[in-house]
Amino acid sequence: SSHFASSYFQSAALTCSLQRSRLLCMLPSAAFAVTAPLPGWGPRLAPHSAADAAARARVATAPRAARSADRTRGGDGEADAAVVAAAALVSGATAAALLGQHTRGKRSRRAEWSRRSVAVVRQAACKDFLSFVANTGSPAHTVLESKARLVKAGFSELKSGEDWKLQPGGLYFVTSEGTSIWAFAVGGKFSPKEGGVLIAAGHTDSPCLKVRPRAKLPSKAGTVQLGVDTYGGGLWHTWFDRPLGFAGKVVVASEPAGLEEKMVRLDAPLCLIPNLAIHLQTAEERVAFSFNKETHLRPVLCKPCGSTAPASKEKKDKKDKKEDDEEENLGPQQPEELLAEVAKAAGVKPEQILDVDLCLMDATPPCMVGEYVSSPRIDNVLSTWAAVDALAEFADIRSSNGGLKDSVDICCAASFDHEEVGSTSATGADSQILERWLDKALGSLGCSWSAVADRSFFAELRLRARPSPELRRQAPAAAPTIAG
């Protein structure tokens, strides 16, 4: 995905007219699609196939791993790395055709190396995504990981409440509430009369279970259970019998008499939603798995051994009095055991915690299964990673032929919060947040949105198909070649 997005930024900067309002580019596992024109969209890109777009990709868009491999093997760097970048973007059949055409008349080992390089590129991309998603767990952590990568790539953070002084060739990013992010690279030859705004976008949130503000539930069978709410459109039956951790933000009291927001991520398995043993189920329940979200989706907080021992009468009386007091205050209504773990991760005392915003997450690390990625939060951390990685890669291009230095556009990677629940929040894609950011950035560069709107467009990542139990996909005409 990141290779296409990088090519997307570059190809958009090099071509000049658009005669179709929908551009689809096939990828091995997903596809980016220009799904809707921005207001005032006019001619922008010439119609071309995925193979055409990939074939025009130059050595600068090839991943660093491929360029490094080429140098160590002493190959024809510019030609071969361009083919690697092109082949990484298309289906297996098209890639083979491109490789075959490029290596026709050359030694067979060159063709074999090129084919292996495609596999190396794909494997490197998968591993990079795994390292990205392994540090997420909540929208705030997705933004935090994106910021870390952007800063490493040379991007500077802007503050929404401050004046922006932007320059052509500059690399910038801005966040909102710590859960939405917009990164952009201003072309070295940005021109309001020739350029536009090119945006690759996704969202930072994923379907999950969220800890309720009053999550404390009565103890049953010596266990501590948590009250949770479903967030987004999740396949909730997959959350049963799965080790779960926590990620999110907490608000703590700080000195002197202030409030502080802290990020916490507990990746150790702390919770489990147990399934009902088969011998306790009815015949109907065995055939069709069903559950009640209120009574069955209750994670059990796995306490240390021995903590289920019955409390003394004195301790029980103190606990009952504390629970009665909590009913009258505005503090977090959370189990003491959970607050103790969260406080440890935040580096504060449990009594300092005033409120929590915690997502439950799969505590099993993401991994590769053969050539496939097995990971939580693919919807939609995948597109956030792809857009951020592609923008950083494009900004790193130092060639004098098509890189950021010669671009007339503003290339952007945006990722918003609350897509799973309608995008209508203050940090969602349906808010005015992107419009405000665009107005501020373009104003700093001496132009306005109306001056570049006709040459701008927006692309988003779409998940496409699955092979079983039957082939299902969102767009029949745009299904990818699985593992192609």
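The model is predicted: local features need pLDDT of at least 70, side-chain atom pairs count only at pLDDT 80 or more, and totals for chains, interfaces and linings use all residues. Residues are numbered from 1 along each chain as its sequence is written, and side-chain values use heavy atoms, with hydrogens and water left out.

One of the pairs joins Trp-182 and Trp-437. A pair of aromatic rings is described by the distance of the centres and the angle of the planes. Distant parts of the chain are linked here, as 255 residues separate the two. Trp-182 sits in strand β5 (residues 180–186), and Trp-437 in helix α12. Helices (H or I, at least four residues) and strands (E, at least two) are DSSP runs, numbered from the N terminus. Trp-182 has a relative accessibility of 1% and so counts as buried. Trp-437 is also buried, at 4%. Buried means under 20% relative accessible area, exposed over 50%, and partly exposed in between (1.4 Å probe, protein chains only). Ring pairs also tie Trp-182 and Trp-437 into a cluster with Trp-164, Tyr-172 and Phe-184.

Ser-423 lies in the loop between β15 (410–416) and α12 (433–444). Its relative accessibility is 12%, so Ser-423 counts as buried. Leaving aside residues up to four places away in sequence, Ser-423 touches His-418, Gly-428, Ala-429, Asp-430 and Ser-431. A contact means heavy atoms within 4.5 Å.

Two packed helices are described by the angle between their axes and the distance between the axes. Helix α7 (residues 139–152) packs with helix α11 (residues 378–395) at about 15°, and the axes are 11 Å apart. Axes are lines fitted to C-alpha atoms, for helices over the stretch in contact, and angles run from 0 to 180 degrees between N-to-C directions. The helices α7 and α11 are therefore roughly parallel (under 35 degrees; over 145 is roughly antiparallel, 65 to 115 roughly perpendicular and the rest oblique). From α7, the contact uses Thr-142, Ser-146, Arg-149 and Leu-150. From α11, it uses Val-381, Thr-384, Trp-385 and Val-388. By class, the contact has 4 nonpolar, 3 polar and 1 charged residues. Ala, Val, Leu, Ile, Met, Phe, Trp, Tyr, Cys and Pro count as nonpolar, Asp, Glu, Lys and Arg as charged, and the others, Gly among them, as polar.

Some backbone sites were also examined. Most residues other than glycine have a negative phi, and most peptide bonds are trans. A cis peptide bond joins Asp-379 and Asn-380, with omega about 15°. Asn-380 belongs to helix α11. Glu-177 has a positive phi, near 55°. This residue, Glu-177, is in the loop between β4 (171–176) and β5. Glu-177 is exposed, at 60% relative accessible area. Phi of Ala-221 is positive too, near 55°. Ala-221 lies in the loop between β7 (208–216) and β8 (224–231). With 84% relative accessibility, Ala-221 counts as exposed.

Overall, the chain has 13 helices and 18 strands. Of its 484 residues, 47% count as buried.

Methods:
Rings of Phe, Tyr and Trp (its six-membered ring) pair if their centres lie within 6.5 Å; planes under 30 degrees apart count as stacked, over 60 as edge-to-face and the rest as tilted.
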